[in-house]
Every structure is written in C-alpha cells, then in structure tokens.
Amino acid sequence: MTTVGQAIAVESDAVATAESGRWQRLDEWLARTGERFNPILVKETRQALKSRQFLLTFVLVLAACWIWTFLGLSIVGPSVAYQAAGTVLFIGYFVILAFPLTVIIPYTAFRSLSAESEENTFDLLSITTLSPRQIVSGKLGSAAMQVLVYLSAVAPCLAFTYLLRGIDVVTISVVLLYAFFGSLGLSACCLFLATLTREKFGQIVLSVVVIVGLFLAFLMVFGFISEFMSWNYLVAADSDFWIFTAALFTWYATTFAIIFLAAAARLTFESENRSTPLRVAMLVQYLSFIAWMAWPILAYQSSNDIYAVVLCIVGAYWYGMGTMMTTERPIVSMRVRRRLPQSFLGRMLFTFFNPGPGAGYLFAIGNTLAACVLLSLALVIGGWSSLVVSGTAAPFPVPTFARLWPLAIVLVSYLVIFLGVGRLVIAWLRRFTPVHMFVGVGMHVILLSLATAVPLVVQFSTYQFYSSGYSMLQISNPFWTLAEIGDGPTMPLELPLFLIMLPTTAFLVFLANWKSIAGELRHVRVVPPARLVEEEAAEHPTVAAVRTSPWD
Amino acid sequence: MIDARPMIELRGLSRYFDTTRAVDDVSFAVYRGEVFGYIGPNGAGKTTSMRVLATLDIPTWGDALVDGFSVVDDPDRVRRRLGYMPDAFGTYANVNVTDYLDFFARAYGLVGAERLRALRHVMEFTQLKLLADKPINGLSKGMKQRLCLGRAMIHDPTVLILDEPAAGLDPRARIELREMIRKLAAEGKTILVSSHILSELGEMCDKVGIIEQGKLLAVGSVAEIQAQTHAYRAVKVRVLDRLVQLIEWLGQRDDLQEVRQVGELVTFSHHHDRSFEAELLRTLIEQQFAVAEFGSQTHSLEDVFLRVTEGRVQ
C-alpha cells in the first residue's frame, strides 16, 4: 500500500522524467540540427566566441551605442517630447553599426581565408570531403552570423529610434536589409580577393587594398545614410523605390553568385570544371539585365539612345567576361569530359558552356549577337504592339533600325577582333610560359589600350588632323568609333568603309582562331574508368545508367 | 597476403616547375599493409610527390593512383581513402585539441555517433585524451605531431601519407611514433612515410624508395637494395691473440678482399654467400686462431642511402 507522500514522490518523479525527456528530445533535436551545419561555420563560431577581437569589437559597439544615446538625447534636449528625433539618432546608430558591418566583418572574412594559407591549414582543408563551395559558404555563413549578432546588439537602440518618431518601421527594415546584404556582399568580395594569391607579399599588398577599400565603403555608407535620411520620405509609398530595389537586388544576387562561384573556382582542384557554373551565372546576369532593360526599351522606344546604350553595355560586359574566358587553359581534363553533353541537341546548346578559351570566345560572341537579335525583335514588336494598343499605325522605326544595325555590326566585329587577337597572343605566350589568369586579362587590356591610345596620340600630335574631329585613323579605337555611330547626330562618312573593313578583319581573326576552337568543339564525353564504374555499382547497385534528360 | 591491386601507385609521375624537374618519371607501387619509406636529400622531390598523391598538386606528366583511382581524375575518391600528414603543422587560433579533431571529423562528413566514435578512437590511439581541452597552440612538438597523425586518420583512411612525421621529435616520441605506424600497418593500412632519420625508417619500413634530383634511384626492401648496391659482403673478426698472423693469413687468400685492421678488429670483404663465411670460420678455428667474434657487417639504410645517392640537390 502506497502512502500519499510516496504517491506524490512517484508522481513528481514521473513529471520530472517527462520534463527531462522533453529537454532531452530538444537537446537531441538541436544536436541533430547542429550536425547539418557547415563545419566551417561551426568552427568559426567557436573560434569567434573565444576570440579577443570579436569580444572587443562587440563591447565597443555597445559602448558607442550607449554614448550616442546619451549624446543624441542631450543634443535633442527637451524638444524630444514634441519633435521627431528618431532620424537623427538612427543615423548615429547606423553609422556605429556600419563600421563592423562594412569594415570588421568583411576584413575578418578576408583574414579568415588568407590565414588558412599562412597557417598551412588550407591544404588540410582542401583534402577533406568539403567542396570549395562549402568552404566559401561556410566563411560567408560565419560573416552572416556575425552581422546578425551585431544587428541584435544594436536592435534595442533601433527600436528606440522608432519610439522617438520621424522614422517608420519599413524604412528601418529596408536600411537594415541593405546593410545586411551589403556586408555579406563585401565579405564575398573579400573572400574572392583572399583567393587571388597564396604568396606572402601578395597577401600583404591585398590586405592593404582591402582595408583601404573597406574604409572607402564605410565612408560611402556614411554618405548614403545621411543622404537617404535627408530625403525624409516614406519608402513604403514610393513604387519607383521598390522597382529600383528589385532591379538592384537582381544585380546584387547575380553579381554575388558570380563572385561566390569565382571564389569557389579559385579554390577548386585543377582537373575540376571551374568554368561552366561561372558561365551559367554570367548568362543569368546577362538575361536579367536584358529583362530589366525591356522596361525602358518599351517605355522609351521612340528614343534611339536606349538601344545604343543597352547594346554598348552588353558589348562591354561580354568583352570583360570574354577576357577572362579566353584566358582559360585549353585543357579539358578527363574528369570534365565524363560529363560533357553527348546528344546532338545537348552538344548544340551546351558546348559553349564547356571549359576552354575557344568555347568561351564563342560564348561571348554568341551572347552579344543574341542581344543584337533581341533588340531588333524589341523594335519590331514594340512598333507592332503600339499599333495594336493605340489603334494607330506606328511608323516602322526605320531611323532606329538604321542606327542599330551598323552599331551592332561594328560592336560585334570589335568584340571578335579584340578577344580573338588577345586569345592568339595568349596562346602564343603559352608556348613559352604558363599564363596566369591576370596576365591574360592584362594582355587583353594592353591590346585594347594600345588600339585606343595609339591612334589618339597620332591624331592629336599631328597638326593636319588635330582639329579635324573623328577620322578614319580611329578605326582601331572602339570607344570613339562606337560613340560616333551610336551617339552622333549623323553617321560618320567612313561608315560604309568600316562596315566592310571591320567585319572582314573580324572574319579573318575568327578564322585564325578557328582551328583551336574546332579542337575544343570536338571534345566528346568519355567513358569513366572501370574502377569508378565498379565502385559506383557497389555504392548504388539499383541505379542503372539511364539518360536523365534529353540533353544527356 | 598481398592484394593484386596496389594501394598506392605512381606511374611515370613527373612534376616540373618551370625548368626544374622536381619529380621526374617516378614509378613504384605499395600494397595493402605495407610501410613504404621514401628517402632522399632535401629538395629531392619527396614532398612534391607526396603532395601530388594527396591531391594537392597536379602532375605535369604521368599519374598517381590510390586504390586504383587517379589523383587527377578522381580526387574526391582518393581523398576519402587518404590521410595526409604534411611536414608543416596547420593550426587554428582559439581551438583546442577536441575542437580541432571535431572540425576535421565534420569536414570529412562524419556525423553523430560515428563522429564521436572516431574522436574517441583517435584520441585513444594517439594518447591525446588527457590533452583534450588543451589549446593546440600550447602543445609541444611531439604532441602536435600526434595530433596531426590523429587528424590524418580521423576518417579511418586506408592509405596514410606521412611527410617527415619524426622531424624534431625526441627519442621517446620517435619510438612511440614508430610503434603507432607499425600498429597502423598491422591494421591493414598502407603507409608512405618520408624521413631523414634513416635508422627509424630501416626498422619500420617493408620497402624503401630512394629519390634524388627528382629521379627514383632504387626501390625495394632494404635487403634487396643492399644486394643491388653492395656486391661484396663485409665481415669482421676479433681474435684474442695472433692478430698480425691473422691479417697475414687472410691477406694471402685470393677469395678475400680489402683485408684491414680496424682497432682490435680485422675486416675484409668477399663476394660469396653465407655458407662461405661458415666454412671460413671453421678453417680459422682449425688454424688455431682464438676467434672471439665473427660476423657479417650488415649495411645500414644509411650506408645504402649514401651508396645510392650522390648528395646533389637541384
């Protein structure tokens, strides 16, 4: 027979067991969740919590917030009761927050990766099963977590500014989101820079560059927040602001992806495919740019300038990307060849994504040509749609068309010539020495600079041509020529000759490149080695080798 | 029992840095459970070959395979099977022994109980249990080497590449390390180890490869290389008296060479086998020489190394 006391004891034990069971389950759940985190994030969090630098910065940020609170309130004085003082205090808090977000955290990310090389841990890390993307995302995750910690430290102060009136929740949230993504973007850039060199001297130079750059970014943020707050308007009510934000976010996301993939590619083992993901990201950025440009094109289709501007931006973009793609090593490893597209359709559409300078050259030219076609279509569709919508016969935009096509022909010709000649020079240099990516890009820049500067110098140092304006001499100068065609009130008199000479030269340069391009295009998928097939079969006995898509 | 497929195989491996041939057409194979000693002077190409094997560098020509997988074409498969201990210890700030090993266990994809088991096993094997909470910056050289070995074997690799693991260790730590390596080999792990302490390697390695100026000069067991490099067997004799007569008597024999006195010993060489030495000993006793000591002088790994290499660096 149990006494009441015993019964209570048993009952309380049962409750305690149930409670401890709940805690245990929570603990287990947390442990399971922790297992899914990126190991680098876990390690860096542990390190940060023990680091003096983090502790010091955190305490300083809190102290600065306290000091600013007292200082700000004393500046506002008794008028705080009836005046909207939130904006003034918000600017102060934001500047305090911006310092760790724009300087400390990105620089910590930079040091975190460069220290891996200095401390000989990068080799150890790179031979684990962590992928380069996991390494970069782990470092970025750590930066994001630090941003959140600083944000949460300053959050009470920011909430306080809302109570002081003059600033709404949407504005506070938007500014903080900008700050969060800005800090993350700077951290990604710093991580990319940290991958550029593993040599001591290079890292010291890069450190200085990074610090100077980050302080400049901090000053820009300071200027931005002062300007933004001085507008004194509600962002929530402004549709243009949200359109601008959406466009900015598109640019941010695609650029972030390119920088992230570029950093990961720099850490990737040489025989891996480093190019294809980057080319996909470039294409997405390019397409998103074209998509955003559709709005001004359709809105201001009567203007000639918008087409010329879009086309020139596209040309500059693919020239910039092309300088890097045409510097790639012309070797496609057997590992990469195992995953090349093999069907006719797959090879037709995706060969341009294959690594190699030839495929990259074609990719840059092909995308610029595609922009020309898209813009022509936009002209035609724009004229047709205005006819349908307004019911009046819109004139076919002959003047625009007549300006666009010469511009397109000249632009594409320049792209083919400059990238092609640069590629040939790099291929020639490779016979004697390995050509680093930066040397290759530098070579392209030197070529373009020479082609631009030499005719300019000749013209401006010759009495006969000094004041004659644009002349035939400038045929190798793409900037002036394109400006003359796209911008000038009249076409240059030499245009018909240019339309023959430049495409012909481009054709000849393309022909000179063709042999090596064709060599790259002939790469086909190879069978994986027997040992790999044997292990794959052992690991996945039920999965048969089937085509997973029509592109395979 | 030796498997048909080598666990480590270098096939004409070459690695050039501009005009320097760091590794030049090196080929050898190591089988399961073997300890392979990689010997050579500084700058011979040992570390470069090991870095290629560890998928940290790429060969200019040739290939290296780990368990049949190419380090160039399947580095991911190789990494799963391979533990690498470089000559430089990589360390993180504000990290203790457990955190360090835990991080690498996670980095190798070990989760939950499997990770905890691996940590426990490695700590026990390397005797780091008592130092679990100690910051790694405060560890001694020997402890760091143990930790580094523990990190290399945290994912239970079948192949271990150890670059100068005994460098800077005191004699006790060296002996402990040697025992650990032999124990790992007994567990079936294949080990490629480089060292300057040749006496250590001679005792722990089943096979050695001698490399100089990027070229592999000799490969095989120490005895095999001895046989290749030392055509003559050296013998030493100690007698209690009649030392001069012994030297004279030995000197008169045509089948013995290089007869000389070294302190109280007489040394000479011959190109016959051990039965010849047994017969010679019997004859000496018949000749009334009071033989107190008679034995073959075995060539140490140092002798072999010195005979094979020329001390050149690139």
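For these notes, I count a salt bridge when a side-chain nitrogen of Lys or Arg lies within 4 Å of a carboxyl oxygen of Asp or Glu. I keep in mind that this is a predicted model.

**Entry 1: between the chains.** I looked up B:Asp76 and found a salt bridge to A:Arg335, with the closest N and O atoms 3.3 Å apart. This pair crosses between chains, from helix H2 (residues 75–81) of chain B to helix H12 of chain A. I then checked burial: A:Arg335 has a relative accessible area of 4%, so I noted it as buried. B:Asp76 is partly exposed, because its relative accessibility is 28%.

**Entry 2: inside chain B.** Next I turned to B:Asp67, which forms a salt bridge with B:Arg81 at 2.8 Å between the closest N and O atoms. B:Asp67 sits in the loop between strands E4 (61–66) and E5 (69–70) and B:Arg81 in helix H2 of chain B, so the pair ties together parts 14 residues apart in sequence. Both B:Asp67 and B:Arg81 are buried. I also followed the shared partners: B:Asp67 and B:Arg81 belong to one network of salt bridges, whose members include A:Arg531, A:Glu534 and B:Arg5.

**Entry 3: inside chain A.** My search over all chains gave 46 salt bridges. One I picked out joins A:Glu328 to A:Arg279, the closest N and O atoms being 3.0 Å apart. Both A:Glu328 and A:Arg279 are buried.

**Entry 4: a sheet in chain B.** I traced an open sheet of six strands, ordered E6-E7-E8-E3-E9-E10, with mixed pairing. Its edge strands are E6 (82–85) and E10 (215–220). Strands E3 and E8 of chain B run parallel and are joined by four bridges, and I found B:Phe36 opposite B:Leu192.

Technical notes
Residues are numbered from 1 along each chain as its sequence is written. Chains are lettered from A and ligands numbered from 1 in the order in which they are written. This is a predicted model: local features need pLDDT of at least 70, side-chain atom pairs count only at pLDDT 80 or more; totals for chains, interfaces and linings use all residues. Side-chain values use heavy atoms; hydrogens and water are left out. Two strands pair if DSSP finds at least two bridges between them. Helices (H or I, at least four residues) and strands (E, at least two) are DSSP runs, numbered from the N terminus. Buried means under 20% relative accessible area, exposed over 50%, partly exposed in between (1.4 Å probe, protein chains only).
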